[in-house]
Amino acid sequence: SPRGTTNMISRSLVALGRRGGFRHGARAMATASALTYEKRGSPITLNVTSAPVPSPAAAQVQLKFLASSVSYSDFSPIAASHDGATSLPVKDTAVRFAKAKAVGPIDPIAGPLGKLPKTPAVGGLEGVAVVEAVGSSVKGLSVGDWVLPSADVGSWQTHAVVDEAKVVKVRNDIPAEYAACLSISASAALRLLEDFESLSAGDVIVHNCANGMVGQVLVQLAAARGVRVVSVLRAKPSLEDVSDHLKALGSTAVVPEAQLRSHYMQEVFADLPAPKIAFDGVGGASGSLLARAMPKGGRMVSFGGASGEPLLLPAEKGTKVEAFYLSEWLSKNGNAARQQMINTLADHVAEGKIKLLLERGHFSKHRVGLNKAYEAMRDRRLVMMF
(Lines give C-alpha, C1' and ligand atoms only; values in the text may rest on other atoms or scores of the structure.)
Protein backbone atom coordinates (compact mmCIF):
# COMPACT_ATOMS: atom_id res chain seq x y z
CA SER A 1 0.00 0.00 0.00
CA PRO A 2 1.11 3.62 -0.41
CA ARG A 3 1.23 4.04 3.35
CA GLY A 4 3.49 1.03 3.78
CA THR A 5 5.73 2.14 0.95
CA THR A 6 6.04 5.57 2.44
CA ASN A 7 7.11 4.07 5.74
CA MET A 8 9.67 1.93 3.94
CA ILE A 9 11.08 5.04 2.26
CA SER A 10 11.48 6.65 5.67
CA ARG A 11 13.17 3.65 7.23
CA SER A 12 15.45 2.83 4.31
CA LEU A 13 17.09 6.22 3.84
CA VAL A 14 20.23 5.50 5.83
CA ALA A 15 23.69 6.94 5.39
CA LEU A 16 26.03 4.31 3.99
CA GLY A 17 29.20 6.37 3.62
CA ARG A 18 31.16 5.98 0.40
CA ARG A 19 29.36 3.81 -2.08
CA GLY A 20 29.36 3.31 -5.84
CA GLY A 21 27.41 5.17 -8.47
CA PHE A 22 29.83 7.90 -9.58
CA ARG A 23 32.54 7.77 -12.19
CA HIS A 24 36.06 8.35 -10.83
CA GLY A 25 38.57 10.38 -12.79
CA ALA A 26 40.91 13.24 -12.04
CA ARG A 27 41.60 14.50 -8.53
CA ALA A 28 38.32 15.21 -6.80
CA MET A 29 37.46 18.83 -6.10
CA ALA A 30 34.39 17.99 -4.03
CA THR A 31 32.43 15.11 -2.58
CA ALA A 32 29.03 14.36 -4.05
CA SER A 33 26.12 13.07 -1.99
CA ALA A 34 23.17 11.40 -3.69
CA LEU A 35 19.98 9.46 -3.05
CA THR A 36 20.34 6.32 -5.14
CA TYR A 37 18.54 3.04 -5.75
CA GLU A 38 20.13 -0.26 -6.72
CA LYS A 39 16.98 -2.21 -7.52
CA ARG A 40 13.47 -1.41 -8.61
CA GLY A 41 10.15 -2.53 -7.28
CA SER A 42 8.18 -2.26 -4.10
CA PRO A 43 8.99 -1.57 -1.33
CA ILE A 44 11.05 1.41 -2.50
CA THR A 45 14.55 1.44 -1.05
CA LEU A 46 16.88 4.42 -1.34
CA ASN A 47 20.43 4.81 -0.09
CA VAL A 48 22.52 7.86 0.72
CA THR A 49 25.79 7.53 -1.19
CA SER A 50 28.89 9.70 -1.37
CA ALA A 51 31.85 9.73 -3.74
CA PRO A 52 34.46 12.17 -5.10
CA VAL A 53 33.39 14.35 -8.01
CA PRO A 54 35.59 13.68 -11.06
CA SER A 55 36.83 16.33 -13.46
CA PRO A 56 34.75 16.55 -16.65
CA ALA A 57 35.95 14.90 -19.86
CA ALA A 58 36.26 16.96 -23.04
CA ALA A 59 32.53 17.05 -23.88
CA GLN A 60 31.28 17.07 -20.30
CA VAL A 61 30.30 19.61 -17.67
CA GLN A 62 30.58 19.42 -13.89
CA LEU A 63 27.41 20.50 -12.10
CA LYS A 64 26.46 21.55 -8.60
CA PHE A 65 22.74 21.23 -7.97
CA LEU A 66 20.89 24.23 -6.58
CA ALA A 67 17.39 22.82 -6.22
CA SER A 68 15.56 19.59 -6.99
CA SER A 69 11.85 19.07 -7.46
CA VAL A 70 10.24 16.14 -5.64
CA SER A 71 6.82 14.79 -6.59
CA TYR A 72 4.86 11.56 -6.62
CA SER A 73 5.92 10.86 -10.21
CA ASP A 74 9.59 10.71 -9.16
CA PHE A 75 8.87 7.37 -7.49
CA SER A 76 7.42 5.71 -10.62
CA PRO A 77 10.78 4.77 -12.22
CA ILE A 78 12.05 3.50 -8.86
CA ALA A 79 9.07 1.21 -8.40
CA ALA A 80 8.80 0.21 -12.08
CA SER A 81 9.61 -3.16 -13.57
CA HIS A 82 9.64 -2.25 -17.28
CA ASP A 83 10.49 0.53 -19.72
CA GLY A 84 7.75 2.95 -20.64
CA ALA A 85 5.42 2.29 -23.59
CA THR A 86 4.19 5.26 -25.61
CA SER A 87 1.15 3.48 -27.00
CA LEU A 88 -2.34 4.10 -25.65
CA PRO A 89 -4.19 0.80 -25.26
CA VAL A 90 -7.81 0.85 -26.48
CA LYS A 91 -10.15 -2.12 -25.99
CA ASP A 92 -13.79 -2.67 -26.84
CA THR A 93 -15.88 -3.36 -23.77
CA ALA A 94 -19.40 -2.82 -22.44
CA VAL A 95 -20.82 -0.83 -19.55
CA ARG A 96 -24.33 -1.74 -18.45
CA PHE A 97 -24.87 -3.47 -21.78
CA ALA A 98 -23.81 -0.38 -23.76
CA LYS A 99 -20.79 -0.51 -26.05
CA ALA A 100 -17.80 1.38 -24.73
CA LYS A 101 -14.08 1.91 -25.20
CA ALA A 102 -11.59 1.26 -22.42
CA VAL A 103 -8.66 3.63 -22.98
CA GLY A 104 -5.30 3.61 -21.24
CA PRO A 105 -4.05 3.97 -18.64
CA ILE A 106 -1.11 6.19 -19.58
CA ASP A 107 2.26 4.61 -18.78
CA PRO A 108 3.79 6.67 -15.92
CA ILE A 109 7.35 5.85 -17.03
CA ALA A 110 6.95 6.93 -20.63
CA GLY A 111 5.86 10.45 -19.68
CA PRO A 112 9.12 11.94 -18.44
CA LEU A 113 11.64 9.19 -19.23
CA GLY A 114 10.73 6.75 -21.96
CA LYS A 115 13.41 4.27 -20.90
CA LEU A 116 14.45 3.47 -17.38
CA PRO A 117 18.01 4.44 -16.39
CA LYS A 118 20.38 1.61 -15.59
CA THR A 119 20.83 0.80 -11.93
CA PRO A 120 22.35 1.86 -9.66
CA ALA A 121 20.74 5.20 -10.47
CA VAL A 122 20.17 8.57 -8.82
CA GLY A 123 16.57 9.42 -7.95
CA GLY A 124 14.73 12.54 -9.01
CA LEU A 125 13.58 13.66 -12.46
CA GLU A 126 13.98 17.43 -12.55
CA GLY A 127 16.17 20.08 -10.96
CA VAL A 128 18.45 23.02 -11.67
CA ALA A 129 22.23 23.11 -11.35
CA VAL A 130 25.09 25.56 -11.85
CA VAL A 131 28.06 24.74 -14.07
CA GLU A 132 31.26 24.52 -12.00
CA ALA A 133 33.66 23.28 -14.70
CA VAL A 134 33.59 22.55 -18.44
CA GLY A 135 35.51 20.13 -20.64
CA SER A 136 37.91 21.33 -23.30
CA SER A 137 35.48 20.83 -26.22
CA VAL A 138 32.40 22.34 -24.57
CA LYS A 139 31.32 25.40 -26.58
CA GLY A 140 27.83 26.35 -25.47
CA LEU A 141 28.26 26.54 -21.70
CA SER A 142 30.41 28.50 -19.29
CA VAL A 143 31.19 28.30 -15.60
CA GLY A 144 28.36 29.97 -13.69
CA ASP A 145 25.61 29.10 -16.20
CA TRP A 146 22.43 27.58 -14.83
CA VAL A 147 21.25 24.41 -16.55
CA LEU A 148 18.41 21.91 -16.45
CA PRO A 149 19.64 18.30 -16.80
CA SER A 150 17.57 15.71 -18.64
CA ALA A 151 15.37 13.44 -16.53
CA ASP A 152 17.67 10.42 -16.73
CA VAL A 153 20.56 12.26 -15.03
CA GLY A 154 18.88 12.16 -11.61
CA SER A 155 18.40 15.34 -9.58
CA TRP A 156 18.58 14.07 -6.01
CA GLN A 157 22.33 14.68 -5.78
CA THR A 158 24.63 17.51 -4.86
CA HIS A 159 26.96 17.19 -7.87
CA ALA A 160 27.10 15.45 -11.24
CA VAL A 161 29.36 15.20 -14.29
CA VAL A 162 27.35 14.81 -17.51
CA ASP A 163 27.63 15.23 -21.26
CA GLU A 164 26.94 18.74 -22.51
CA ALA A 165 24.09 17.32 -24.61
CA LYS A 166 22.29 16.26 -21.42
CA VAL A 167 21.56 19.84 -20.30
CA VAL A 168 19.92 23.02 -21.54
CA LYS A 169 20.55 26.51 -20.20
CA VAL A 170 18.05 28.44 -18.13
CA ARG A 171 18.25 32.11 -17.18
CA ASN A 172 19.70 32.62 -13.71
CA ASP A 173 17.65 35.62 -12.62
CA ILE A 174 14.60 33.58 -11.61
CA PRO A 175 14.23 31.72 -8.30
CA ALA A 176 16.12 28.42 -8.33
CA GLU A 177 13.11 26.62 -6.92
CA TYR A 178 11.05 27.77 -9.92
CA ALA A 179 13.76 26.77 -12.39
CA ALA A 180 13.81 23.31 -10.80
CA CYS A 181 10.18 22.75 -11.87
CA LEU A 182 10.36 23.75 -15.53
CA SER A 183 11.76 20.59 -17.17
CA ILE A 184 8.77 18.27 -16.89
CA SER A 185 5.48 19.55 -15.45
CA ALA A 186 5.65 23.09 -16.80
CA SER A 187 6.99 21.83 -20.13
CA ALA A 188 4.14 19.34 -20.39
CA ALA A 189 1.59 22.10 -19.75
CA LEU A 190 3.03 24.22 -22.56
CA ARG A 191 3.04 21.33 -25.00
CA LEU A 192 -0.58 20.42 -24.18
CA LEU A 193 -1.68 23.96 -24.88
CA GLU A 194 0.27 24.40 -28.11
CA ASP A 195 0.46 21.02 -29.82
CA PHE A 196 -3.06 19.61 -30.05
CA GLU A 197 -5.63 22.26 -30.83
CA SER A 198 -5.47 25.72 -32.37
CA LEU A 199 -6.85 27.80 -29.51
CA SER A 200 -7.93 31.42 -29.70
CA ALA A 201 -9.11 33.94 -27.14
CA GLY A 202 -12.58 32.96 -25.99
CA ASP A 203 -12.16 29.24 -26.64
CA VAL A 204 -12.83 26.84 -23.78
CA ILE A 205 -10.73 23.95 -22.48
CA VAL A 206 -11.54 21.60 -19.60
CA HIS A 207 -9.04 19.63 -17.51
CA ASN A 208 -8.81 17.51 -14.39
CA CYS A 209 -5.85 17.06 -12.04
CA ALA A 210 -6.14 20.84 -11.81
CA ASN A 211 -4.35 21.17 -8.48
CA GLY A 212 -1.19 19.46 -9.78
CA MET A 213 1.75 21.34 -11.25
CA VAL A 214 0.73 20.63 -14.85
CA GLY A 215 -2.79 21.84 -14.14
CA GLN A 216 -1.74 25.04 -12.39
CA VAL A 217 0.70 26.02 -15.14
CA LEU A 218 -1.82 25.11 -17.85
CA VAL A 219 -4.38 27.47 -16.30
CA GLN A 220 -1.93 30.37 -16.29
CA LEU A 221 -0.61 29.83 -19.81
CA ALA A 222 -4.14 29.50 -21.19
CA ALA A 223 -5.53 32.51 -19.31
CA ALA A 224 -2.65 34.66 -20.60
CA ARG A 225 -3.90 33.91 -24.13
CA GLY A 226 -7.54 34.63 -23.32
CA VAL A 227 -8.49 30.96 -23.37
CA ARG A 228 -11.18 30.12 -20.82
CA VAL A 229 -10.44 27.19 -18.52
CA VAL A 230 -12.85 24.92 -16.66
CA SER A 231 -10.83 23.18 -13.94
CA VAL A 232 -12.00 19.94 -12.33
CA LEU A 233 -10.94 19.04 -8.79
CA ARG A 234 -11.27 15.87 -6.76
CA ALA A 235 -13.01 16.22 -3.40
CA LYS A 236 -10.51 17.02 -0.64
CA PRO A 237 -10.41 19.03 2.60
CA SER A 238 -8.55 21.89 0.90
CA LEU A 239 -10.94 22.05 -2.08
CA GLU A 240 -12.25 25.53 -1.32
CA ASP A 241 -8.77 27.00 -0.88
CA VAL A 242 -7.46 25.31 -4.03
CA SER A 243 -10.52 26.46 -5.93
CA ASP A 244 -9.90 30.07 -4.91
CA HIS A 245 -6.24 29.70 -5.89
CA LEU A 246 -7.08 28.35 -9.35
CA LYS A 247 -9.56 31.16 -9.95
CA ALA A 248 -6.88 33.66 -8.94
CA LEU A 249 -4.54 32.05 -11.48
CA GLY A 250 -7.13 32.38 -14.23
CA SER A 251 -9.62 29.50 -14.15
CA THR A 252 -13.01 30.59 -15.47
CA ALA A 253 -14.77 27.99 -13.34
CA VAL A 254 -13.68 25.34 -10.86
CA VAL A 255 -15.89 22.27 -10.63
CA PRO A 256 -15.76 19.53 -7.98
CA GLU A 257 -15.43 16.21 -9.77
CA ALA A 258 -18.64 14.83 -8.28
CA GLN A 259 -20.63 17.63 -9.89
CA LEU A 260 -19.62 16.57 -13.39
CA ARG A 261 -22.65 14.26 -13.22
CA SER A 262 -25.03 17.01 -12.07
CA HIS A 263 -27.01 19.80 -13.68
CA TYR A 264 -24.41 22.18 -12.29
CA MET A 265 -22.23 21.44 -15.32
CA GLN A 266 -25.03 22.59 -17.60
CA GLU A 267 -25.09 25.87 -15.68
CA VAL A 268 -21.30 26.21 -15.98
CA PHE A 269 -21.40 25.76 -19.74
CA ALA A 270 -24.62 27.70 -20.30
CA ASP A 271 -22.74 30.91 -21.06
CA LEU A 272 -19.68 29.26 -22.58
CA PRO A 273 -18.96 27.70 -25.95
CA ALA A 274 -18.53 23.92 -25.98
CA PRO A 275 -15.03 22.92 -24.88
CA LYS A 276 -12.63 22.48 -27.80
CA ILE A 277 -10.44 19.98 -25.97
CA ALA A 278 -10.11 18.16 -22.65
CA PHE A 279 -6.88 17.26 -20.85
CA ASP A 280 -6.97 14.19 -18.61
CA GLY A 281 -4.21 13.58 -16.07
CA VAL A 282 -6.01 10.98 -13.96
CA GLY A 283 -7.73 8.36 -16.13
CA GLY A 284 -10.17 5.93 -14.58
CA ALA A 285 -13.49 7.26 -13.28
CA SER A 286 -12.18 10.83 -13.23
CA GLY A 287 -11.22 10.74 -16.91
CA SER A 288 -14.55 9.12 -17.80
CA LEU A 289 -16.42 11.91 -16.01
CA LEU A 290 -14.29 14.53 -17.74
CA ALA A 291 -15.26 13.06 -21.11
CA ARG A 292 -18.93 13.61 -20.21
CA ALA A 293 -18.28 17.35 -20.31
CA MET A 294 -17.21 17.14 -23.96
CA PRO A 295 -19.56 17.43 -26.95
CA LYS A 296 -20.18 14.43 -29.19
CA GLY A 297 -17.05 13.70 -31.21
CA GLY A 298 -14.98 15.82 -28.82
CA ARG A 299 -11.21 15.64 -28.46
CA MET A 300 -9.41 14.50 -25.33
CA VAL A 301 -5.70 14.23 -24.55
CA SER A 302 -4.52 11.84 -21.86
CA PHE A 303 -1.24 12.98 -20.31
CA GLY A 304 -1.22 11.14 -16.98
CA GLY A 305 -2.75 8.17 -15.24
CA ALA A 306 -2.76 9.01 -11.55
CA SER A 307 -5.57 6.50 -10.93
CA GLY A 308 -3.77 3.66 -12.71
CA GLU A 309 -7.10 2.67 -14.29
CA PRO A 310 -8.39 2.90 -17.87
CA LEU A 311 -11.07 5.43 -18.65
CA LEU A 312 -14.35 4.17 -20.11
CA LEU A 313 -15.95 6.08 -22.98
CA PRO A 314 -19.38 5.35 -24.46
CA ALA A 315 -18.79 4.25 -28.05
CA GLU A 316 -21.78 6.28 -29.27
CA LYS A 317 -20.21 9.53 -28.11
CA GLY A 318 -17.26 9.12 -30.46
CA THR A 319 -14.74 10.87 -28.23
CA LYS A 320 -11.30 11.01 -29.85
CA VAL A 321 -8.58 10.23 -27.30
CA GLU A 322 -4.86 10.84 -27.85
CA ALA A 323 -1.86 10.33 -25.61
CA PHE A 324 0.85 12.84 -24.78
CA TYR A 325 4.28 11.72 -23.61
CA LEU A 326 6.85 14.43 -22.99
CA SER A 327 9.69 11.93 -23.51
CA GLU A 328 8.39 11.20 -27.02
CA TRP A 329 8.20 14.92 -27.82
CA LEU A 330 11.77 15.48 -26.60
CA SER A 331 13.05 12.53 -28.62
CA LYS A 332 11.42 13.82 -31.81
CA ASN A 333 12.27 17.51 -31.41
CA GLY A 334 15.73 17.53 -29.81
CA ASN A 335 17.65 19.94 -27.62
CA ALA A 336 17.14 23.07 -29.71
CA ALA A 337 13.35 22.83 -29.37
CA ARG A 338 13.70 21.98 -25.70
CA GLN A 339 15.90 25.06 -25.22
CA GLN A 340 13.32 27.27 -26.89
CA MET A 341 10.58 25.80 -24.69
CA ILE A 342 12.57 26.38 -21.50
CA ASN A 343 13.34 29.95 -22.59
CA THR A 344 9.61 30.60 -23.05
CA LEU A 345 8.71 29.20 -19.63
CA ALA A 346 11.56 30.96 -17.82
CA ASP A 347 10.57 34.25 -19.44
CA HIS A 348 7.02 33.77 -18.17
CA VAL A 349 8.38 33.19 -14.67
CA ALA A 350 10.57 36.30 -14.86
CA GLU A 351 7.58 38.37 -16.01
CA GLY A 352 5.40 37.08 -13.16
CA LYS A 353 3.09 35.18 -15.52
CA ILE A 354 3.72 31.80 -13.86
CA LYS A 355 3.25 31.46 -10.11
CA LEU A 356 3.83 28.11 -8.46
CA LEU A 357 2.63 26.68 -5.15
CA LEU A 358 5.88 25.43 -3.67
CA GLU A 359 7.10 24.11 -0.35
CA ARG A 360 10.82 24.46 0.22
CA GLY A 361 12.90 21.97 2.16
CA HIS A 362 16.58 21.14 2.34
CA PHE A 363 18.42 18.17 0.89
CA SER A 364 19.85 17.40 4.35
CA LYS A 365 16.27 16.71 5.52
CA HIS A 366 15.38 14.50 2.58
CA ARG A 367 13.51 11.94 4.69
CA VAL A 368 10.82 14.48 5.52
CA GLY A 369 10.72 15.82 1.98
CA LEU A 370 10.39 12.43 0.29
CA ASN A 371 7.55 11.34 2.53
CA LYS A 372 5.65 14.59 1.94
CA ALA A 373 6.17 14.39 -1.81
CA TYR A 374 4.90 10.80 -1.92
CA GLU A 375 1.37 12.10 -1.37
CA ALA A 376 -0.38 11.80 -4.74
CA MET A 377 -2.27 14.83 -6.11
CA ARG A 378 -0.47 17.19 -3.74
CA ASP A 379 -1.29 20.91 -4.11
CA ARG A 380 2.19 22.19 -3.27
CA ARG A 381 5.26 20.90 -5.07
CA LEU A 382 8.11 20.17 -2.71
CA VAL A 383 11.53 21.47 -3.75
CA MET A 384 14.73 20.41 -1.99
CA MET A 385 17.31 23.19 -1.81
CA PHE A 386 21.03 22.44 -1.63
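Analyst: A cavity here is a set of grid points where a 1.4 Å probe fits but cannot get out, whereas a pocket is an open set. A volume is the space filled by probe spheres set on the points. Note that this is a predicted model.

User: What volume does the largest cavity have?

Analyst: The structure holds four cavities of 30 Å³ or more. The largest cavity has a volume of about 60 Å³.

User: Which residues lie closest to the centre of the largest cavity?

Analyst: Its lining has eight nonpolar, three polar and two charged residues. That lining counts 13 residues. Closest to the centre are Tyr37, Pro117, Val122, Gly124 and Leu125.

User: How many charged residues line the second largest cavity?

Analyst: This cavity contains about 40 Å³ of space. Among the residues lining it are Asp74, Glu126 and Arg381. Asp, Glu, Lys and Arg count as charged. By class, the lining has two nonpolar, four polar and three charged residues, so the number asked for is three.

User: Which element gives the most to the lining of the largest pocket?

Analyst: The largest pocket has a volume of about 940 Å³. Helix H4 (182-195), helix H5 (213-224) and strand E20 (381-385) each supply at least two lining residues. With four residues, the element that gives the most is H5.

User: Which residues lie nearest the centre of the largest pocket?

Analyst: By class, its lining has 21 nonpolar, 13 polar and six charged residues. The lining is made up of 40 residues. Nearest the centre are Tyr72, Ser73, Gly281, Gly304 and Ala306.

Key:
Residues are numbered from 1 along each chain as its sequence is written. This is a predicted model: local features need pLDDT of at least 70, side-chain atom pairs count only at pLDDT 80 or more; totals for chains, interfaces and linings use all residues. Side-chain values use heavy atoms; hydrogens and water are left out. On a 1 Å grid over the protein atoms alone, a cavity is a set of points where a 1.4 Å probe fits but cannot get out, and a pocket is an open set with protein on both sides within 12 Å along at least five of seven lines; lining residues have an atom within 4 Å of a point.
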